[in-house]
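Let's walk through this protein together, from its overall layout down to a few individual side chains. Have the sequence and the 3D view at hand as you read.

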Amino acid sequence: MGQPITVTEKRGARSDVARFDLNRSLTGMGHERYRAGQEIIGHRPADELARRLLAQPGVESVHIYSNVVTVHLQPGASAPGLGEIIHELFVHYDHDEQAEGVTPATE
């Protein structure tokens with residue numbers, strides 16, 4: 001199992017933008033921009049996170065720079081649940097479920 005990411009949501013003056021600060025960098029010093037309807041072909045953590053966020057209703061675009069994720073929402077959309085998606089990016093399976101083919105370590 002991977003480690004959860006610590007996520008702090010920062011709300012700004014615009015209701016259509018949600019910003020999340022993370023305890024780890026996803027892109028280093030690079031900027032990554034993703035739009036709804038755009039094919040995301042990469043397999044880096046930022047690419048996977050963008051796929052997961054853009055699959056949510058109301059998400060128009062995602063910008064990731066280092067440890068900051070900015071989500072632009074459609075008018076009237078809200079951000080609840082997006083922080084949890086980011087938080088669980090590196091968690092491979094639930095604590096209560098054993099992943100198929102994975103045997104827990106014994107001491």
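Two residues are in contact, or touch, when heavy atoms of theirs lie within 4.5 Å. What you see is a predicted model, in which local features need pLDDT of at least 70 and side-chain atom pairs count only at pLDDT 80 or more, while totals for chains, interfaces and linings use all residues. Residues are numbered from 1 along each chain as its sequence is written, and side-chain values use heavy atoms, with hydrogens and water left out.

Let's begin with the overall layout. The protein has 2 helices and 5 strands, where helices (H or I, at least four residues) and strands (E, at least two) are DSSP runs numbered from the N terminus. Read from that end, the order of the elements is β-β-β-α-β-β-α. Among the contacts with a separation of 6 or more, 54% join residues 24 or more positions apart. The accessible surface comes to about 7,000 Å², and carbon and sulfur atoms hold 48% of that area; the areas come from the Shrake-Rupley method with a 1.4 Å probe, and for residues only the protein chains shown count as cover. Of the 107 residues, 33% count as buried. Buried means under 20% relative accessible area, exposed means over 50%, and partly exposed is in between (1.4 Å probe, protein chains only).

Now turn to strand S1, where you will find Val7. Val7 is partly exposed at 24% relative accessibility. Leaving out residues up to four places away in sequence, Val7 touches Phe20, Asp21, Leu22, Gly83, Ile86 and His87. Ile86 is 79 residues from Val7 along the chain, yet their C-alpha atoms are separated by 7.2 Å. Arg11 also belongs to strand S1, which covers residues 7–11. With a relative accessible area of 47%, Arg11 is partly exposed. Its contacts, again without residues up to four places away, are Val17, Ala18 and Ala79.

Asp21 is buried, at 17% relative accessible area. Beyond four places in sequence, Asp21 touches Thr6, Val7, Thr8, Lys10, Asn67 and Val68. Asp21 also takes part with Lys10 and Arg19 in a network of salt bridges. A salt bridge here is a side-chain nitrogen of Lys or Arg within 4 Å of a carboxyl oxygen of Asp or Glu. Side chains of opposite charge can pair when their charged atoms come close.

How many salt bridges does a search of the whole structure find? The search gives 7. One of them joins Glu32 and Arg44, with the closest N and O atoms 3.2 Å apart. Glu32 lies in strand S3 (residues 31–35) and Arg44 in the loop between S3 and helix H1 (45–54), so this pair ties together parts that are 12 residues apart in sequence. Arg44, partly exposed at 40%, forms a salt bridge with Asp47 too, at 2.9 Å between the closest N and O atoms. Is Asp47 buried or exposed? Asp47 is buried, with a relative accessible area of 3%.

Glu48 and Arg51 form another salt bridge, their closest N and O atoms being 3.1 Å apart. The two are 3 residues apart in helix H1, which means that about one helical turn separates them. Glu48 is partly exposed at 28%, and Arg51 is partly exposed at 26%.
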